[in-house]
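Dear colleague,

Please find the structure below.

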Amino acid sequence: MSKFYITTPIYYVNARPHIGHAYTTIACDTVARRQRLLGADTFFLTGTDEHGQKIERAAQAAGKTPQQYADEISAQFRALWQRMGISNDDYIRTTEERHTKRVQELFRRIRDNGYIYKGTYTGQYCVSDELYVDGAQPGDPCPTCGRITETVHEENYFFRFSAFQDKLLELYANPDFVRPETRRNEVIAFVRSGLRDLSISRSTFSWGIPVPDDPKHVIYVWFDALANYITAIGYGSSHPGAQEAFKKYWPADVHMIGKEIVRFHCVYWPAFLLAAGLELPKAIVAHGWLLFEESKMSKSRGNVVRTETILDVLGADALRYFLLREVVFGQDGSFSFDALVQRYNSDLANGLGNLASRTLTMINRYFKGEVPYPSHAASKTAADDAVAETARKTIREFGTLFDQFQFSRALETAWGLVAAVDKYIVENEPWALGERQDEDSRSRLATVLYTAAEALRIVTALAHPVIPDATARIWTQMGLGDIKKLAIKELSWGQLQLGTKLGEVQPVFPRADKSAIERMQQMEDQQRGPAADEVKDAVPPTSPATSPAKAQPGTNAGAASPANEGKITIEDFAKVDLRVGRVKVAERVPKSDKLLRLEIDIGTEVRQVLAGIAEAYAPETLVGRKVVIVANLAPRKMRGLESNGMIVAASLEGGQPVLASFLEDVPVGARLK
Ligand SMILES: [Zn+2]
């Protein structure tokens, strides 16, 4: 029996789960489900990444311990996956002892192999990305997210990254190792530009796994997090069962990730594994980002969609189908409630759902609920053969496309069969045949309904990994039992048995009307009150309920009690000059995907500001818009241009920046305090 091991990234617990997390998890879930149908001994892993300075700070801001904070968010992820019926075999948390001990084991092994040494690091660090920014100067922005990097000076443990440059480049020669091609090229360029040794410990905060034999240091959060892929299946354990599992499942067949973490997975992770003398994953597959169309009812608010809203209104299958059918896997895709409902109605309600209900209802009506069989050759026509041929082709093509992660095209192919059968039914008019009692008509009717039912069975089988719930119900309605027992390798035309007794026929995808869109938008608006926590890492909390020390800011000035650690006084905050400005000019910065050059009127003058928001906002949509800028930030140079101030935006985990703005009309130059 072959094995198949697939992983999602473990999700960072600095924000609650949203549709972007669901997207990755759904994609992995469908792959895992198909592998099980193919007969592979499948292991599907997901979990949460819970250490690091960013979590420590977020917890502090929320008035919680990092562990409490991590417990809460991790539980939200787990509950969401359970509610969605995600079929993961394990759920790893990096604060679990099974993980922390094994990470230390990995660290020891790499150190013993001579690839870890102690040194001093002085340089820039982006806390938001937990990323060391080589070559940056104090005050420089992070090349990934545009936030200002922090200067760190510490004694650290270093990983001899430089020893692996050639070996890594050899790995990328295999086109399947990093997919898609664009990401592979990006990684090759990065490694070719030279690898500097990497600091893999921190000593200025404590929320992490202690370095073995030197507990003043904690292990770099990415080293810790990436190791989950081996710790979860038993690496570093002395338990024989765990060792057995590790031997069986490692190396991973697929690490599926979002494109923003390609470098960590395709450069850092293989280097750590090489240093430890471990086998490398077979493939790292990166998908693009889900972009969110701003909904009509909440133009000036954040636009991250909660998965729960869609589950409540349309169910998990609708979301799964939409994301895999609508978005070309590997590229960025767009999400909107309108598009979701449109796709749901056309492909699921009117497509597969309608095919199932009309076919099975007619078998009930004309053949007492038993699958009829064409009784003699004379009742066959070229049209029947054409459907059979389309079905055979669909089985072949669907498998090939799906196994290359081309989910959208695979589904398009399968729904091509749905369309072919719909047309076949319309042209052969089984309802007219059913009105006649002569033997030829009965025989022809049997052939037409058998052909339709057999095509339905094949589409249902192929689509099962993508829409598991609805297909399981159609399968039962067809009298075929438990769809999980299906051996998809043997799927072929003509297997539907004569006389199979149908189960009770019920619609699986009721049509959604316009009110579904409104309902989802309303649910989202209600969730996006001031208490919404997605923007936690972008704006300081102002609610006294979550931050007791801030309730009376004046009285606490200067107090150094532990409760005030990491907090600032009102005087500190007053040093930041936040002002309302209006964008007068906006244009792309040449050769930069992220940066826009803006000219912003702040009442007293017009400032040139560079902002890393080009992937979220087209320049022409910004002209005339009011924004919030930090007006007294020291000027910085970016790409040879001077930036005088910083534009304020909410940072959404895995999503795009969202500019701060006002519901009310505010004059240009107004100060925020
Ligand atoms: Zn950054």
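**Aromatic pairs and the nonpolar core**

Phe-264 and Tyr-268 both belong to helix H10 (residues 262–276), where they stand 4 residues apart, about one turn of the helix. Helices here are DSSP runs of H or I with at least four residues, numbered from the N terminus. The model is predicted: local features need pLDDT of at least 70, side-chain atom pairs count only at pLDDT 80 or more, and totals for chains, interfaces and linings use all residues. Residues are numbered from 1 along each chain as its sequence is written, and side-chain values use heavy atoms, leaving out hydrogens and water.

Phe-264 is buried, at a relative accessible area of 7%, and Tyr-268 is buried too, at 3%; buried means under 20% relative accessible area, with a 1.4 Å probe and protein chains only.

The rings of Phe-402 and Phe-407 form an edge-to-face pair, with centres 5.0 Å apart and planes at 70°. Rings of Phe, Tyr and Trp (its six-membered ring) pair if their centres lie within 6.5 Å, and planes over 60 degrees apart count as edge-to-face. Phe-402 has a relative accessible area of 2%, and Phe-407 has 1%; both are buried.

The largest nonpolar core holds 194 residues, of which Phe-159, Tyr-220 and Phe-335 touch the most other members. Such a core is a set of buried Ala, Val, Leu, Ile, Met, Phe, Trp, Tyr and Cys residues joined through side-chain atoms within 4.5 Å. Helix H13 (residues 337–367) gives the most to this core, namely 15 residues.

Yours sincerely

Notes
Buried < 20%, exposed > 50% of the residue type's maximum accessible area, 1.4 Å probe, protein only. Helix = DSSP H or I, 4+ residues; strand = E, 2+ residues; numbered from the N terminus. Phe/Tyr/Trp six-rings, centres within 6.5 Å; stacked < 30°, edge-to-face > 60°.
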